[in-house]
Amino acid sequence: MASPRSLLIRTAGTNCEAELEYAWNRAGAATEILHVRRLIEKPETLREFQLLSFPGGFSYGDDLGAGRIHAIEIRERLIAPLREFVEAGKLIYGVCNGFQVLVKAGLLPGFDFLKSAEAPPLDATLTDNENGKFQDRWITLKVVSSLTPFLKEGAVFRVPIAHGEGNFMPKDDATLSRLHANRQVVLKYVAPDGSAAKGWPDNPNGSVDDIAGICDPTGRIFGLMPHPERHADKVQGPTWTREGGGEGDGEGLSVFRNAVEYARTL
(Lines give C-alpha, C1' and ligand atoms only; values in the text may rest on other atoms or scores of the structure.)
Protein backbone atom coordinates (compact mmCIF):
# COMPACT_ATOMS: atom_id res chain seq x y z
CA MET A 1 0.00 0.00 0.00
CA ALA A 2 1.36 3.42 -0.96
CA SER A 3 2.26 5.77 1.87
CA PRO A 4 -0.16 8.66 2.48
CA ARG A 5 1.25 11.94 1.21
CA SER A 6 1.94 14.67 3.74
CA LEU A 7 2.55 18.34 2.87
CA LEU A 8 4.25 20.80 5.24
CA ILE A 9 3.76 24.53 4.63
CA ARG A 10 6.60 26.85 5.55
CA THR A 11 7.19 30.58 5.27
CA ALA A 12 9.63 33.18 6.55
CA GLY A 13 10.30 32.44 10.22
CA THR A 14 9.07 28.84 10.21
CA ASN A 15 11.80 26.74 11.84
CA CYS A 16 10.31 23.40 12.91
CA GLU A 17 9.50 21.86 9.54
CA ALA A 18 12.48 19.44 9.51
CA GLU A 19 11.59 17.77 12.82
CA LEU A 20 7.92 17.61 11.82
CA GLU A 21 8.91 16.04 8.52
CA TYR A 22 10.92 13.42 10.44
CA ALA A 23 7.90 12.57 12.63
CA TRP A 24 5.53 12.17 9.68
CA ASN A 25 8.02 10.03 7.77
CA ARG A 26 8.74 7.86 10.82
CA ALA A 27 4.98 7.34 11.18
CA GLY A 28 4.74 6.09 7.60
CA ALA A 29 3.88 9.14 5.50
CA ALA A 30 5.73 10.44 2.44
CA THR A 31 6.38 14.08 3.26
CA GLU A 32 7.19 17.19 1.23
CA ILE A 33 7.88 20.76 2.32
CA LEU A 34 6.46 23.67 0.29
CA HIS A 35 6.63 27.44 0.68
CA VAL A 36 3.20 28.99 1.16
CA ARG A 37 3.68 31.27 -1.85
CA ARG A 38 4.03 28.22 -4.10
CA LEU A 39 0.77 26.86 -2.71
CA ILE A 40 -0.99 30.18 -3.26
CA GLU A 41 0.22 30.14 -6.87
CA LYS A 42 -1.02 26.58 -7.37
CA PRO A 43 -3.63 25.65 -4.71
CA GLU A 44 -4.68 22.57 -6.67
CA THR A 45 -1.45 21.02 -5.34
CA LEU A 46 -3.45 20.16 -2.21
CA ARG A 47 -5.41 17.55 -4.16
CA GLU A 48 -2.27 15.41 -4.35
CA PHE A 49 -2.00 15.06 -0.55
CA GLN A 50 -3.99 13.51 2.31
CA LEU A 51 -2.25 15.31 5.19
CA LEU A 52 -1.43 19.00 5.56
CA SER A 53 0.62 20.56 8.37
CA PHE A 54 1.51 24.03 9.62
CA PRO A 55 4.75 23.70 11.66
CA GLY A 56 6.02 25.69 14.59
CA GLY A 57 8.37 28.65 14.54
CA PHE A 58 7.89 32.39 14.32
CA SER A 59 6.13 32.98 11.00
CA TYR A 60 6.94 36.46 9.70
CA GLY A 61 8.69 37.12 13.01
CA ASP A 62 5.33 37.12 14.84
CA ASP A 63 5.59 40.86 14.23
CA LEU A 64 1.88 41.61 14.77
CA GLY A 65 1.32 38.78 17.24
CA ALA A 66 2.10 35.08 17.06
CA GLY A 67 0.95 33.62 13.75
CA ARG A 68 -1.21 36.58 12.83
CA ILE A 69 0.35 37.61 9.50
CA HIS A 70 0.52 34.02 8.26
CA ALA A 71 -3.09 33.53 9.40
CA ILE A 72 -4.26 36.55 7.39
CA GLU A 73 -2.41 35.18 4.37
CA ILE A 74 -4.14 31.80 4.74
CA ARG A 75 -7.51 33.40 5.42
CA GLU A 76 -7.38 35.71 2.41
CA ARG A 77 -5.74 33.41 -0.16
CA LEU A 78 -6.37 29.76 0.71
CA ILE A 79 -9.69 29.39 2.54
CA ALA A 80 -11.55 27.87 -0.43
CA PRO A 81 -8.94 25.18 -1.27
CA LEU A 82 -8.56 24.34 2.44
CA ARG A 83 -12.32 23.93 2.72
CA GLU A 84 -12.24 21.57 -0.27
CA PHE A 85 -9.38 19.65 1.38
CA VAL A 86 -11.34 19.10 4.60
CA GLU A 87 -14.58 18.29 2.77
CA ALA A 88 -12.66 15.49 1.02
CA GLY A 89 -12.07 13.90 4.44
CA LYS A 90 -8.40 14.91 4.64
CA LEU A 91 -6.53 16.06 7.75
CA ILE A 92 -5.00 19.42 8.72
CA TYR A 93 -2.53 19.67 11.61
CA GLY A 94 -1.13 22.81 13.27
CA VAL A 95 1.46 22.77 16.07
CA CYS A 96 2.57 25.73 18.21
CA ASN A 97 2.85 28.61 15.71
CA GLY A 98 0.84 26.45 13.34
CA PHE A 99 -1.92 26.19 15.96
CA GLN A 100 -1.83 29.95 16.37
CA VAL A 101 -2.20 30.29 12.60
CA LEU A 102 -5.20 27.94 12.42
CA VAL A 103 -6.97 29.72 15.29
CA LYS A 104 -6.28 33.23 13.97
CA ALA A 105 -7.34 32.21 10.46
CA GLY A 106 -10.65 30.96 11.88
CA LEU A 107 -10.15 27.30 10.91
CA LEU A 108 -10.26 26.51 14.62
CA PRO A 109 -12.65 26.20 16.35
CA GLY A 110 -14.18 26.42 12.85
CA PHE A 111 -17.74 25.83 14.04
CA ASP A 112 -19.27 26.72 10.66
CA PHE A 113 -16.23 26.45 8.39
CA LEU A 114 -17.81 23.81 6.14
CA LYS A 115 -21.26 25.39 6.19
CA SER A 116 -20.45 28.73 4.58
CA ALA A 117 -18.40 29.99 1.64
CA GLU A 118 -17.38 33.02 3.69
CA ALA A 119 -14.20 33.32 5.72
CA PRO A 120 -14.93 31.83 9.16
CA PRO A 121 -15.36 34.08 12.22
CA LEU A 122 -12.59 34.35 14.79
CA ASP A 123 -13.99 32.62 17.89
CA ALA A 124 -10.80 32.23 19.93
CA THR A 125 -7.19 33.34 20.19
CA LEU A 126 -3.86 32.41 21.72
CA THR A 127 -2.30 35.15 23.75
CA ASP A 128 0.59 35.82 26.16
CA ASN A 129 1.40 33.16 28.73
CA GLU A 130 -0.21 34.09 32.03
CA ASN A 131 3.13 34.39 33.83
CA GLY A 132 4.53 36.62 31.06
CA LYS A 133 7.46 34.29 30.38
CA PHE A 134 8.49 32.09 27.47
CA GLN A 135 8.06 28.44 28.50
CA ASP A 136 10.52 25.82 27.21
CA ARG A 137 10.21 22.51 29.09
CA TRP A 138 8.38 19.19 29.28
CA ILE A 139 4.69 18.87 30.15
CA THR A 140 2.13 16.07 30.37
CA LEU A 141 -0.98 15.84 28.20
CA LYS A 142 -4.17 13.80 28.43
CA VAL A 143 -6.53 13.04 25.56
CA VAL A 144 -10.06 13.90 26.72
CA SER A 145 -11.93 13.40 23.42
CA SER A 146 -11.36 11.06 20.50
CA LEU A 147 -13.32 13.21 18.04
CA THR A 148 -10.15 13.72 15.97
CA PRO A 149 -8.40 10.80 14.22
CA PHE A 150 -5.09 12.12 15.57
CA LEU A 151 -5.83 10.97 19.14
CA LYS A 152 -7.04 7.98 21.16
CA GLU A 153 -9.16 8.99 24.17
CA GLY A 154 -7.58 8.45 27.56
CA ALA A 155 -3.97 8.46 26.36
CA VAL A 156 -1.47 10.31 28.57
CA PHE A 157 1.91 11.33 27.18
CA ARG A 158 4.83 13.71 27.69
CA VAL A 159 6.04 16.23 25.10
CA PRO A 160 7.99 19.50 25.13
CA ILE A 161 6.60 23.01 24.87
CA ALA A 162 8.33 26.14 23.59
CA HIS A 163 6.07 29.19 23.40
CA GLY A 164 5.42 32.64 24.77
CA GLU A 165 1.84 33.03 23.49
CA GLY A 166 0.17 29.73 24.27
CA ASN A 167 -2.69 30.92 26.46
CA PHE A 168 -5.84 29.63 24.74
CA MET A 169 -8.80 31.96 25.20
CA PRO A 170 -12.25 31.45 23.62
CA LYS A 171 -14.19 34.56 22.65
CA ASP A 172 -16.71 34.15 25.47
CA ASP A 173 -18.33 31.62 27.80
CA ALA A 174 -20.81 30.55 25.13
CA THR A 175 -17.93 29.64 22.81
CA LEU A 176 -16.24 27.64 25.53
CA SER A 177 -19.49 25.79 26.27
CA ARG A 178 -19.94 25.03 22.59
CA LEU A 179 -16.41 23.63 22.37
CA HIS A 180 -17.09 21.28 25.28
CA ALA A 181 -20.54 20.30 24.04
CA ASN A 182 -19.10 19.41 20.62
CA ARG A 183 -16.23 17.45 22.22
CA GLN A 184 -13.81 19.73 20.34
CA VAL A 185 -11.59 20.11 23.42
CA VAL A 186 -9.39 17.10 22.77
CA LEU A 187 -6.20 17.68 24.80
CA LYS A 188 -5.62 19.05 28.28
CA TYR A 189 -2.56 19.83 30.34
CA VAL A 190 -2.42 17.53 33.36
CA ALA A 191 -0.15 16.79 36.30
CA PRO A 192 2.75 14.37 35.69
CA ASP A 193 0.71 11.49 37.15
CA GLY A 194 -2.16 12.17 34.71
CA SER A 195 -4.47 13.75 37.27
CA ALA A 196 -6.08 17.17 36.71
CA ALA A 197 -3.68 20.09 36.40
CA LYS A 198 -3.18 22.06 39.59
CA GLY A 199 -2.44 25.41 38.01
CA TRP A 200 1.13 26.34 37.09
CA PRO A 201 3.42 24.55 36.27
CA ASP A 202 1.10 21.73 35.14
CA ASN A 203 -0.72 24.28 32.99
CA PRO A 204 2.24 26.22 31.57
CA ASN A 205 0.42 29.20 30.07
CA GLY A 206 -2.90 29.76 31.87
CA SER A 207 -5.10 28.35 29.10
CA VAL A 208 -8.79 28.26 30.03
CA ASP A 209 -9.82 24.85 31.41
CA ASP A 210 -6.22 23.63 30.89
CA ILE A 211 -6.87 23.37 27.14
CA ALA A 212 -3.79 22.30 25.18
CA GLY A 213 -5.41 21.35 21.87
CA ILE A 214 -8.72 21.51 20.03
CA CYS A 215 -10.21 20.29 16.77
CA ASP A 216 -12.97 21.46 14.45
CA PRO A 217 -16.46 19.82 14.56
CA THR A 218 -15.41 17.17 12.03
CA GLY A 219 -12.23 16.28 13.93
CA ARG A 220 -10.24 16.69 10.71
CA ILE A 221 -8.58 19.99 11.67
CA PHE A 222 -6.46 19.64 14.80
CA GLY A 223 -4.16 22.07 16.55
CA LEU A 224 -2.13 22.08 19.76
CA MET A 225 0.57 24.16 21.42
CA PRO A 226 2.93 21.36 22.63
CA HIS A 227 5.30 19.59 20.20
CA PRO A 228 4.66 15.82 19.76
CA GLU A 229 7.20 15.78 16.91
CA ARG A 230 9.93 16.56 19.45
CA HIS A 231 9.25 13.23 21.15
CA ALA A 232 8.98 11.13 18.02
CA ASP A 233 11.98 9.02 18.99
CA LYS A 234 12.41 7.36 22.40
CA VAL A 235 15.91 8.80 22.71
CA GLN A 236 14.40 12.31 22.87
CA GLY A 237 12.53 11.55 26.09
CA PRO A 238 13.45 13.40 29.30
CA THR A 239 13.91 10.16 31.27
CA TRP A 240 15.30 7.97 28.50
CA THR A 241 18.50 6.98 30.31
CA ARG A 242 16.70 6.41 33.62
CA GLU A 243 14.30 4.09 31.81
CA GLY A 244 17.09 1.91 30.44
CA GLY A 245 17.74 3.62 27.11
CA GLY A 246 17.17 1.55 24.01
CA GLU A 247 15.45 2.30 20.73
CA GLY A 248 11.80 2.84 19.88
CA ASP A 249 9.06 5.36 19.29
CA GLY A 250 8.74 8.41 21.47
CA GLU A 251 5.48 9.16 23.26
CA GLY A 252 4.48 11.85 20.77
CA LEU A 253 4.69 9.67 17.67
CA SER A 254 1.27 8.12 18.24
CA VAL A 255 -0.31 11.42 17.11
CA PHE A 256 1.23 10.93 13.67
CA ARG A 257 0.75 7.16 13.48
CA ASN A 258 -2.96 7.59 14.23
CA ALA A 259 -3.30 10.18 11.46
CA VAL A 260 -1.38 8.08 8.94
CA GLU A 261 -3.56 5.06 9.75
CA TYR A 262 -6.64 7.19 9.07
CA ALA A 263 -5.16 8.66 5.86
CA ARG A 264 -4.60 5.16 4.47
CA THR A 265 -8.39 4.78 4.28
CA LEU A 266 -8.84 7.81 1.99
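These legends describe close-up views of a predicted model. Local features are given only at pLDDT of at least 70 and side-chain atom pairs only at pLDDT 80 or more, while totals for chains, interfaces and linings use all residues. Residues are numbered from 1 along each chain as its sequence is written, and side-chain values use heavy atoms, with hydrogens and water left out.

View 1. The largest pocket has a volume of about 170 Å³. A pocket here is an open set of points on a 1 Å grid over the protein atoms alone, with protein on both sides within 12 Å along at least five of seven lines. Lining residues have an atom within 4 Å of a point. The volume is the space filled by probe spheres set on the points, which are joined across faces, edges and corners. The lining counts 16 residues, and Gly-57, Phe-58, Phe-134, Ala-162 and His-163 are the closest to the pocket centre. Helix H5 (97-105) and strand E7 (156-163) each supply at least two lining residues. Helices (H or I, at least four residues) and strands (E, at least two) are DSSP runs, numbered from the N terminus. By class, the lining holds 6 nonpolar, 7 polar and 3 charged residues. Asp, Glu, Lys and Arg count as charged; Ala, Val, Leu, Ile, Met, Phe, Trp, Tyr, Cys and Pro as nonpolar; the others, Gly among them, as polar.

View 2. In H5, 9 of the 9 residues are buried, so the helix is largely enclosed by the rest of the structure. Buried means under 20% relative accessible area, exposed over 50%, and partly exposed in between (1.4 Å probe, protein chains only). Lys-104 is among the buried residues of H5. Gly-106 follows the helix, with a positive phi near 90°. Ser-59 sits in the loop between strand E3 (51-54) and helix H3 (68-77). Ser-59 is buried at 2% relative accessible area. Its side chain joins that of Asn-97 in a polar contact of 2.8 Å. A polar contact is a pair of N or O atoms within 3.5 Å; within protein, one must be able to donate a hydrogen and the other to accept it, and residues adjacent in sequence count only if both atoms are side-chain atoms. Beyond four places in sequence, Ser-59 is in contact (heavy atoms within 4.5 Å) with residues including Thr-11, His-70 and Val-101.

View 3. Thr-175, Leu-176 and Leu-179 are the buried residues of H6 (residues 173-181). Seen down the helix axis, they fall within an arc of 100°, so they line one face. The arc is that of the directions from the helix axis to the C-beta atoms. These buried residues pack against strands E8 (167-170), E9 and E10. Asp-173, Ala-174 and Ala-181 are exposed on the other side. Asp-172 caps the N-terminal end, with a side-chain oxygen 3.3 Å from the backbone nitrogen of Ala-174. Arg-183 follows H6 and has a positive phi, near 65°.

**View 4. Asp-209 in its loop.** Asp-209 lies between strand E9 (185-190) and strand E10 (211-215). Asp-209 is partly exposed, at 35% relative accessibility. Beyond four places in sequence, Asp-209 touches Leu-176, His-180 and Lys-188. The C-alpha atoms of Asp-209 and Phe-168 are 9.1 Å apart, across 41 residues of chain.

**View 5. Thr-31 in strand E2.** Thr-31 belongs to E2 (residues 30-35). Thr-31 is buried, at 12% relative accessible area. Its side chain makes a 2.7 Å polar contact with the side chain of Asn-25.

Key
1 Å grid on protein atoms, 1.4 Å probe; cavity = no way out; pocket = protein on both sides within 12 Å on 5 of 7 lines; lining within 4 Å.
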